[in-house]
Amino acid sequence: MYTLNFDVEKCLCCETQSCLTRCQYLEIDKESAHKEIMKIARGEDSFVLHDCVTCYACEEYCPMGNHPFYLIVERQEAFNLPPVPRPLIQRAVNLGVPFRGDPENKEVHGPVLNMAAFSELMGLIQGRLFKGLTVISKDGRKMFHYFVSSCISTMQRVQ
């Protein structure tokens, strides 16, 4: 199985530090970006861990094919830093409470589309692109039925 591992050697060879310098949420120059990603790689705290919103863009911007997103998320967990404000995590947990328990699992054949939080866009599912798709989680609240256990465990870690 393919695993996504961060390789510090790839960062040392990187000339751009695009993973952080191109970030839409952080304002960071190349020199600071290199310093901060090295701190994170060594397991040290960094402002990046506090300000990152886990949008995944760093993974896309990395010219070295490295995996900075996974490193950042691992360190956020190690430092008990939630990637979103705690009230938003609590809101997600609260929305999911009525749907606790085992999700209704139906056998599905072929491609699946989980509308999750975008259930209000159900009317846009039309045309050849969506032909043959089984749509699950049509109720925006019910999406949490699938993810509530991970939200609850996240809340327990950050409290």
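Lys39 forms a salt bridge with Glu36, with the closest N and O atoms 3.5 Å apart. A salt bridge here puts a side-chain nitrogen of Lys or Arg within 4 Å of a carboxyl oxygen of Asp or Glu. This is a predicted model, where local features need pLDDT of at least 70, side-chain atom pairs count only at pLDDT 80 or more, and totals for chains, interfaces and linings use all residues. Residues are numbered from 1 along each chain as its sequence is written, and side-chain values use heavy atoms, leaving out hydrogens and water.

Lys39 and Glu36 sit three residues apart in helix α3, so about one helical turn separates them. Helices (H or I, at least four residues) are DSSP runs, numbered from the N terminus. Glu36 is buried, at 5% relative accessibility. Buried means under 20% relative accessible area, exposed over 50%, and partly exposed in between (1.4 Å probe, protein chains only).

The structure holds two salt bridges:

| Pair | Closest N to O |
|---|---|
| Lys39 and Glu36 | 3.5 Å |

Arg42 is exposed, at 54% relative accessible area. Glu44 is partly exposed, at 34%.

Now the core. A nonpolar core is a set of buried Ala, Val, Leu, Ile, Met, Phe, Trp, Tyr and Cys residues joined through side-chain atoms within 4.5 Å. The largest one has 18 residues, and Leu20, Leu26, Ile37, Ile40, Val48 and Ile72 touch the most other members. Helices α2 (18-21), α3 (30-41), α4 (47-51) and α6 (68-78) each give two or more residues to this core. The largest share, four residues, comes from α3.
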